[in-house]
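This briefing concerns a single protein chain. The points that follow begin with one residue and then turn to the chain as a whole.

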Amino acid sequence: MSSVKSFTAATVQSAPVFLDRKGTVDKVLRLIKEAAENGAELVVFPEAFIPTYPYWPKDLGFGAEKKLTMDAHVELHTNSVEIPGEDTKRIGNAAKRAGACVVIGVNEKEGATLYNTKHY
């Protein structure tokens, strides 16, 4: 007789709402609910899902291109997650309602510093 308990896990293959914390958190809540309705007890989201994975060149060049890069970094910081905060509270409550453990990658801000972190 085995003492290992099986469970259903869901790995989310979806895109965030680009550089939009609120929109992405709303999407996360829907995806947690959908995964749980399909039997998932563990729901895993990608790295840096909220507000997006910051994959763009640090310096695209000069002029307008450089300004776009700087603007993207400002938006990334503005839309990153404060922990603890209202966003993590909403996600935690959704996980509790779903009866699921949720793992999500976020860009976490602390003052002017950003961290790429996973939260459970």
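Ser80 is buried in this predicted model, because its relative accessible area is 1%, against a limit of under 20% for buried residues. The residue belongs to the loop that links helix H2 (64–78) with helix H3 (86–98).

**Surroundings of Ser80**

- Leaving aside residues up to four places away in sequence, Ser80 touches Arg21, Pro51, Asn107, Lys109 and Leu114.
- Which helices stand on either side of the loop that holds Ser80? They are helix H2, spanning 64–78, and helix H3, spanning 86–98.

**Fold and contacts**

- The protein chain comprises three helices and four strands.
- Read from the N terminus, the order of these elements is β-α-β-α-α-β-β.
- Of the contacts in the protein chain with a separation of 6 or more, 71% join residues 24 or more positions apart.

**Dimensions, burial and surface**

- Along the principal axes, the C-alpha atoms of the protein chain occupy a box of roughly 65 × 25 × 25 Å.
- The protein chain has 120 residues, and 35% of them are buried; Ser80 is one of the buried residues.
- The accessible surface of the protein chain amounts to about 7700 Å², and carbon and sulfur atoms contribute 57% of that area.

**Charge**

- The protein chain carries 15 positive and 15 negative charges.
- A distance of 5 Å separates the mean position of the positive charges from that of the negative charges.

Technical notes
Residues are numbered from 1 along each chain as its sequence is written. This is a predicted model: local features need pLDDT of at least 70, side-chain atom pairs count only at pLDDT 80 or more; totals for chains, interfaces and linings use all residues. Side-chain values use heavy atoms; hydrogens and water are left out. Helices (H or I, at least four residues) and strands (E, at least two) are DSSP runs, numbered from the N terminus. Buried means under 20% relative accessible area, exposed over 50%, partly exposed in between (1.4 Å probe, protein chains only). Contact means heavy atoms within 4.5 Å. Accessible areas come from the Shrake-Rupley method with a 1.4 Å probe; for residues, only the protein chains shown count as cover. Lys and Arg count as positive and Asp and Glu as negative; His and the chain ends are not counted. The place of a charge is taken as NZ of Lys, CZ of Arg, CG of Asp or CD of Glu.
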